[in-house]
Amino acid sequence: MEKKIRLLAIESSCDDTAAAVVENGRTVLSSVVSSQIERHVIFGGVVPEVASRLHAESISHVVAQALEQAQLSCSELDGIAVTAAPGLIGSLLVGVGFAKGLSRSAGLPLVPVHHLRSHIAANYIAHPDLEPPFLCLVVSGGHSHIVEVLDYTTLRVVGRTRDDAAGEAFDKTARSIGLPYPGGVYLDKLANDGDPKAYTFSKPQVSGCPYDFSFSGLKTNVINTVHNMEQKGEPVPAADIAASVRRCVVDILTRKFMLAADDLGYRRLALAGGVSANSELRSRMAALCKKSGRELFVPPLSLCGDNAAMVGAQGYYEFSAGRIAGLDLNASAAMEIDAEF
């Protein structure tokens, strides 16, 4: 019988304070997320200093709640997994500092986890039959990557954004047409009421790198279009702009992802990250995979955003590979997905 490895997982890379207990990387015994959206909405986005202070206020309660829901004590755990990179440095330090203190006091191994690896691992929770190798499109507010998942702890980036991420393009578009934070969510809903062919926005290419992305030109194109309308006193057709931008971004993501899948010979594909919740991206990828006879793995909406369950899932495989950190572990605001702590 397989030994049960139970990890307490902590996530605090941005504006959600989360804790979970995960067994053997696939079974979630508890998952608690404390959102800060209401505190940041008045600023139109995440304020790093505010985020880190709110993490400090809530992390003890969130961890206690996760242990209570799992009906476990620290003595019944096998380790503590924590997001250590990348993210907002102040926010990361709160989670890492708390995990280090608990690791020392409870005598438990400390397992550092990369945030993007965690997003990919959300699929292991949702799809028990998913095993590497597969190709994954990781898309969020700060990242856009095409990643070969060769095994659970060996990953290779084959495509990445050269400037802004897909989620950044969505968020800035949302702000320019007057949508509240978090912009990407509201843009996706509004786009359903618009004409996706109303506007043709730029689709920048990266010369010599067919799998790489660039979204800064698109973002500027959209902002300038809106500003020109406002300067002329014209009404801004928000739904049409939202629909056109969504279509443009999804066109770029799916085309490059499917090109990489064709060239590299992958039949199993996955989506991960906050933007994997986008309704058009999910439906378009489902249709493309069905047409080409590929398998598509997508996390449920509850696991697309930041959460600690995904940290516990990836943490199990890092723990199994012997990737344990000492109390000198430090957080890092930027780290490649294939790097080691």
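Strand β2 is mostly covered in this predicted model, with 8 of its 8 residues buried. Burial extends to both faces of the strand. In a regular strand the side chains alternate between the two faces of the sheet. In β2, one side carries D16, A18, A20 and V22, the other carries T17, A19, V21 and E23, and all of these are buried.

Strand β2 belongs to an open sheet of 5 strands with mixed pairing, arranged in the order β3-β2-β1-β4-β5. From one strand to the next, the twist averages 20°.

The pairing of β2 (residues 16-23) with β3 is antiparallel and comprises 8 bridges. Within this pairing, T17 stands opposite S34 of β3, and A19 has V32 as its bridge partner. The two strands form a hairpin with 3 residues between them, in which N24 adopts a positive phi near 55°. On its other pairing, β2 runs antiparallel to β1, to which it is joined by 6 bridges. Here L8 is found opposite V21 of β2. Strands β1 and β2 also form a hairpin, with 4 residues between the strands.

Helix α2 (residues 48-70) touches β1 (6-11), β2 and β3, and the direction of α2 makes about 25° with that of β2. Helix α4 (residues 115-126) also packs on the sheet, where it touches β1, β3, β4 (79-85) and β5. The direction of α4 makes about 95° with that of β5.

Helix α4 also meets helix α10 (residues 309-320): the axes of the two helices come within 7 Å and cross at roughly 95°. Angles of 65 to 115 degrees count as roughly perpendicular, and α4 and α10 are therefore roughly perpendicular to each other. On the α4 side, the contact involves H115, R117, S118, H119, A121, A122, Y124 and I125. These residues meet A309, M310, V311, A313, Q314, Y317 and E318 of α10. Classified by residue type, the contact of α4 with α10 has 9 nonpolar, 4 polar and 2 charged residues.

One of the α10 residues in this contact is M310. The relative accessible area of M310 is 0%; because buried means under 20%, M310 counts as buried. Not counting residues up to four places away in sequence, M310 touches H115, S118, H119, A121, A122, I125 and G305. The C-alpha atoms of M310 and L179 are 29 Å apart in space, and these two residues are separated by 131 residues in sequence.

Strand β4 of the sheet contains T83. This residue has 0% relative accessibility and counts as buried. The side chain of T83 makes a polar contact with the side chain of E11, at 2.6 Å. With neighbours within four places in sequence left aside, T83 is in contact with I10, E11, S13, L92, V96, V113, H115 and V311.

Another open sheet of 5 strands has the order β8-β7-β6-β9-β10, and its pairing is mixed. The edge strands are β8 (154-160) and β10 (295-297), each of which pairs on one side only. Neighbouring strands of this sheet are turned against each other by 25° on average, direction ignored. Within the sheet, strand β6 (residues 134-139) runs parallel to strand β9 (residues 268-272), and 4 bridges join the two. In this pairing L137 is placed opposite L271 of β9. Helix α9 (residues 279-292) lies across β6, β9 and β10. The direction of α9 is at about 180° to that of β9.

Technical notes: Residues numbered from 1 in each chain as written. Predicted model: local features only at pLDDT ≥ 70, side-chain atom pairs only at ≥ 80, totals over all residues. Heavy atoms only, no water. Pairing = 2+ DSSP bridges. Axes fitted to C-alpha atoms, helices over the stretch in contact; angles between N-to-C directions. Contact = heavy atoms within 4.5 Å. Parallel < 35°, antiparallel > 145°, perpendicular 65-115°, else oblique. Nonpolar A, V, L, I, M, F, W, Y, C, P; charged D, E, K, R; others polar. Buried < 20%, exposed > 50% of the residue type's maximum accessible area, 1.4 Å probe, protein only. Polar contact = N/O pair within 3.5 Å; in protein donor to acceptor, adjacent residues only side chain to side chain.
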